[in-house]
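Q: I've got a new model open and I'd like to learn how to read its sheets and cores. Can you walk me through it?

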Amino acid sequence: MSKIYISGVSGRFPDCPNVSQFWEKLCSGEDMVTEDDRRWKAGLFGLPKRKGTVLGVDEFDAAFFDIHAKQASNMDPQLRMLLEVSFEAILDAGQNHQTLRGSRTGVWVGVSSNDACEVLLNDCNPENGYGLTGSNRAMLANRISFQFDFKGPSATVDTACSSSLLALQMAYQSILEGNCDAALVAGSNLTLKPQISVQFNKLKMLSPDGACKSFDANANGYARSESIAAVFICKDFMVQHSYCRVLNAQTNNDGHTPKGITLPSGPQQKKLIEDTYRSCGRKPSKVFYIEAHGTGTQAGDKEELNVIDEIFCGNGRKTPLFIGSVKSNMGHSEAPSGLCAVIKCVLALKHQLIPGNLHFNEPNPNVPGLRENRLNVVTQATSVPETCVIGINSFGFGGTNVHVILERERKKVDVSAHLSSLLGIHLFTSRTMEGVQEKVDHFKQLLNSVENLTMKVSPKLHPYRGFVACANNEVADGWKKSSPEQPELWFVFSGMGCQWVGMGRDFLQLPIFSRSIDQCNKALEPHRFDVRSLLENATKQSYDDVINSFVGIVAIQIGLIDVLSAIGIKPDGIIGHSVGELGCSYADGCLTLEQTIQIAFLRGKCIKETNLPLGAMAAVGMNWQEALNQCPPGVAPACDNAEKSVTISGAKKQVEEYVATLKSQGIFAKLVSTGGIAFHSKDMELVYPKFLNLLKSIIPNVSKRSSRWISTSQNGSNNLDCSAEYHANNLRSPVRFNEALKNVPENAVVVEIASHGILQAILKRALPMRSHVFMAHKEQSSGILSLGKAFGELHCNGFELNLQSIIPRNNLERASLHGLFDWNHSQSWPVPALEDFLHTPSGVSTNDKLMIRLNQQSEEYKYLWDHIIDGRALLPFAAHLVFAWKAFASYLGQTMDETPVQFDNVTVHTAIVLPEKGSVDIAVQLMASTNEFRITENNILSCSGKIQKFRGSIKSIATSEKVIARPLTHDEVYKRLTLTGFQYQTQFKQIRSLSLKGDVGEIMFTGNYVVLLDVLIQFAILLRESKQMELPTRIRQIRITPLEQTNLTLKTLHDRCLDRTVIGDFVELNGVHTTTVTRHSKMQTTLTKQVFVPHNQLNLSKLDKEIDLEKNQVAKLVSNNQSLFGVTRVESVNTLSALNVRKPEGRLYKILNEFLEKNQASKGERHFLKYEGPVFDPLLTYCLSNSDILFPVLDCAAENFVSTGNRIAVIQPKSKNKHGE
C-alpha cells in the first residue's frame, strides 16, 4: 500500500498573511483574536467585541490566473484567496504546477458558509451572470480543479466545523482507493455577515469576552474567527518534500442523540478514535500529542477530553498525554479549523516544537484527566521527539466527527558522496522584482543551512527569476526578468586553449561527472591512459602534451554534457570550435562516449607521432577576407572566430614575422601557445592519412548529424554525415566559427561547454543580443560554485532544472517559501460590506445599491450616446432619475412598471461625460431612512435628491380646445435647439410639434422613460427662449405613473404661471432650474439668419390700453403706501421689478387696494384676502409672462406684513370653465 504524505501547506490566518507569521505568533504566544472594526463595528448587535479576521480580503492577482476582471469582481473573496493559497501549497510541496496539469489530482474544499454569495446573487438586474460562477459553493472546489487542470475528484464539503478535516479524510481515502495520486485539500471561512454571528450568539456558543478558553474552568464559548488554509498531499512516488506521513483518517456521525443535534456524542467520538488507531495498527498509548477540537465550550470540552483520557491514557501509558488546541491562539474558524490544526501540527513536527495554548489557567473541573495530570495542556513550547505520532480531532456541530493520525518520519541520508554537501543552491521565481530581490536576500542568509530549493513556475506567470549558490563559503547570486517564451538554447564547445592545470578537478566530486570520467578511463584502457589521474594530478607541464590537452578538454565536455542532460537541459543548436566538434558529436548522439574520447586520444597521438615542421599560431584583428588577401606565403587564416578576430597558422618564422609587421601597422596581433604546432594549416595534411585510417576503425558506420549541429569544418556543405572522413577533415580544415554563429537566433541563450570560458569575449562580441553562460572558469577558485552559478543563470533564463537528479535531498531542514510568496496585489477587488447584509423588518434584503456600467457595446444603454450637448455625449439629467427609480423599485422588490414614483429637489452636481471608448461605472445608493438617493461616478457625487412612492394622482392643465393655428414642427424645434448647442441625435428627438407659446406640444413615447423625461426637460429649455446654452441642474419635483402602453403620441401641456408641465395623468414636472454655461470654444461657429414671420393676434390694441391703464394704477397705489410696501419711491413701472412678489391672485390693483383698506381699518388683526372674480386680467397675464416687470409686488407686501405681525394669504384664482367664466 502506498504511503501518503503532507508535502505542502499554506494559508491566511487572523492577522497573519502567511504560514511563517502564523508559526511565529503561535510560538510567541500572541493572541490572534483582536478587537477591531474590520468587518463591522466592535460590539454591533450585542456581539462579542473580539474576533479573528484575516488581512487582504480585497487582494487578488487576477492576471496571474488569467481571470477576467468581470469574473474577479463577481467572485467570492474566499474563492479568490483559495486560488492563491492553493498555488502556494503546490509550490511549497516542490511540485511543478505545469507538470500537474492534466494529472489525477483531486480537490476537496471544506466550507460552511459563503456570505458573499448572498450579495453577489441578490441583484435582480445584474450586468452579467458571473455572480453565479464566482460564488456558487460548488465553485470553491471546482474552480481550483479548472484553474490548475486537475482531473481527479473535485468536491466542496460542508459538515460545519469539521468540514476541512473531513475533506482531508475524503482525499486520503480517495488516494488509497486509487481514484487519484495527489490532492489539494483546503478550507475557508470569512465572517462577512454579522447575522450568522448573531445566530451563534443566540445559541450561547460565543464567548462574551471573545476568547477560546480551551479546557479551562472558565470556558464560556468560542471566539469566531477567519482563515483560509490549504495542504497538498500525495503518494510517496510524487513526493518532492515531505512534512509528515498521514497514517490514517476516518470519520463517523453521532446519529440521533437525545441531547440534540448541536451537542456532541462521547460514545461516537470514542468509537471513531478507537477504529482509526486499530485499523492502522498503532497503539493510542504511543501517541505523543493530541490536537483536540477544544472550542472552549463547557459541554464540548468535557465530552471530548473525557473520551481522550479514556482511550489514550490507559493501556500502559507512563507519561501524561500532551494536548492542545489551536483555537485558543487564533479563535475558532469553523469550517477550516481542522486544517488550521493540521498546519499547526505539521509545523510542530517540522520544527520539533509544540507551541503553547493560550487562556488556560484553571483545569476544567469536569475533566478528571486534567485534575489528575493524565492530560497535560501544553502552555509552554514543548519539544517533539525525533519520531512521534500526533492525533487530530475535529467535530461538526451537526454530528460529523473526524480523526486524523500524523507521523513524523526522518530518514537519514548519507551526503558524503553528494554534491549537496558541497553546493547549496536555491532557484526561485517571483511575480515582482521586489519579490525576487527579497528571496535573494533571504537565501543569502541561509546559505547551506537548509535543503536546496527549486521553484518551478513558468516565466509567463513569474517573470522574475533568481538564484543563490554557495560553495566553500563563497556565494554567487543573480536575478533577471526572463522572457515569457523559453528562448532557444545553444551549446558551444571550445577547442584548444581552454586547458589549464586543475581543470575539471572539482567536478569529480559530482557523482554523474565522476561516473563519466570513469567511463572515459575504461574506453582508453587499451591505450593505458588514465583520464582521472590526469585531471586530479596535472602539473604545469601536463598540458604541453597535445594528447593530454585533447583528452582533458573532450573528457570534461563529455562529463558536462552528461550533467546537463541529467538535469533536463537539451540544446536547440550545437556549434564546435576545432576539436570542440567532438563534443558536438557526443551531444548530438552521433558518437558514443567511448568513440568520442578515443577519437580525442587518437587525434593527439597522430599529431604527436607525425614529424611536423615547427609551427605557430596567432590571433589577429582582421576579418576573414582580409586575412585571406593579406597573409604572406607560409601563413594562412586558420580560424574565423568573429568579425575582426581571426587566428592565423603556419610556419613559426613566417608567423612571428607577420605578427611583428601587423603590430608595426597598428593592427592587433598576438602569438598563442600551441606547443609549436600549426593547427588547421597545411601541415595537418601530413597527419590526415594516418588519422583517417585509425578513425575508420572507431567509426565503422556513418551516422547522420541532426540539423541542430552547425558545422564549422564543412562550411556551406549540405552533407550531414558524421563519419571518419568528417572528423579527419576537421583536423585540416579552417574553422569557420564566425559563419556558424550567424545561425544563432537573437535572444538565444549560449552555453559555452568547456573547462574554461575562453570564447566568452568572442561570443559576447559576435552575439551581443544573446545571454551567455559558461560552465567553468579558471579564475574562479571553486569549480563547484562556477557550476552552481551556471545552473542559476540557466534557471534565470527560463529553463527548468531537475537538480535533484544530481543533488539529492539531504538531511537539512527543508527550505521554506512561507512569507516569500509574492503576488501582484496592485488592484483591489470588491468585498461585501456590512451595509450589503442589512435587512428590512420583513426580512427582505434591502438591495439599496445599484451598480450600472455604461458603454457603447451595451445594447441597453448605447442609445445614451445620442444625447449630445455642445459636441459631447453627456449623461442626461433624466437618466439619473431613471437609474434612481430603477434602484428604488428593486429596493421595494418591484419592477419600475409597478412603482409610481415621486422625486423632490433633485440636483445634478457634476455632469458625466460618456466616453467614446471604455466604460463609465455608475453607483446609485439609496438611504431608506431619509428617502434620499445619491448617484456617484468614480466616488464623485453626480446627482442627489429624494425619492418616494407616489400615491396620489396627477391633475391636468386646463387649456382652450382651439386647434393651434401654426405650431412649430419637429424640424423647427430641433433646429432651434441645435442653434443653442443641443445636438440631439435620433433617440432624443421625440418632440413632434410645439405651439408658438410653448404651452402645448406633442411627443412620441417609445417606452423609454429616459427619453420621455428628457423631452420634458427639452420643453423647459425651449421655454427659456434664451440664445445661450442652458443646462438643467435642478428640478423641484417630478411625479410619474408608469404607462401601460408604448409607441404612443402624447400631448404635453405647460403652465407658465406655475412652471408646471404634464403629460395627461402620467407625468408631472415642476420647477426646472437651468444654468447658463459657456459653450465649448472649439465648436464650429453657427451662422444664423433672422427672418420676420407675421403672426396675427386679435384685439391687440385694446389689450395694450388696458395694460397701460393698470400699470399706472398699481404704480400710484404702491407709491402712496411706500412705508407699507417697503418702497421708498416709485418713479416708473420698471422700479417695481425690484420687488420680490410672486403669483398674484386675480386683478392685481384690486387685490392690493382691498387688502390695504381692511388692514388700515383694524391694525393688529390678521386678514386673509380671497379675491373672487374673473381670472382674465390683462396686466396680470402680462406680468406672469414677462417676469421682469411686475412679478415681485405681492411677495414684497407679504414680507412687510409678516415683519409687523400681520400676514397675507393669497389664494390662487379659479380656473376658467369651458365657457370662459
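Predicted model: local features only at pLDDT ≥ 70, side-chain atom pairs only at ≥ 80, totals over all residues.

Q: What is the strand order in the open sheet of 4 strands?
A: In general, strands of a sheet pair through backbone hydrogen bonds, either parallel or antiparallel. Here the order reads 23-24-22-25, and the pairing is antiparallel.

Q: Which strands stand at the edges?
A: Strand 23 (635-642) and strand 25 (669-672) do; each has a single partner strand, so one side of each lacks a neighbour in the sheet. From one strand to the next, the twist averages 25°.

Q: How many bridges join strand 22 to strand 25?
A: There are 4 between strand 22 (residues 615-620) and strand 25, and the two run antiparallel.

Q: Now the cores. Which residues have the most contacts inside the largest nonpolar core?
A: Ile607 and Phe791, in a core of 110 residues. Helix 18 (residues 546-566) supplies the largest share of this core, 12 residues. Beyond its neighbours within four places in sequence, isoleucine 607 contacts residues including Val546, Phe550, Ile677 and Leu731. There's also a second, separate core of 71 residues, with Val908, Val924, Phe982 and Ile1063 among them.

Conventions
Residues numbered from 1 in each chain as written. Heavy atoms only, no water. Core = buried A, V, L, I, M, F, W, Y, C linked by side-chain atoms within 4.5 Å. Buried < 20%, exposed > 50% of the residue type's maximum accessible area, 1.4 Å probe, protein only. Contact = heavy atoms within 4.5 Å. Pairing = 2+ DSSP bridges. Axes fitted to C-alpha atoms, helices over the stretch in contact; angles between N-to-C directions.
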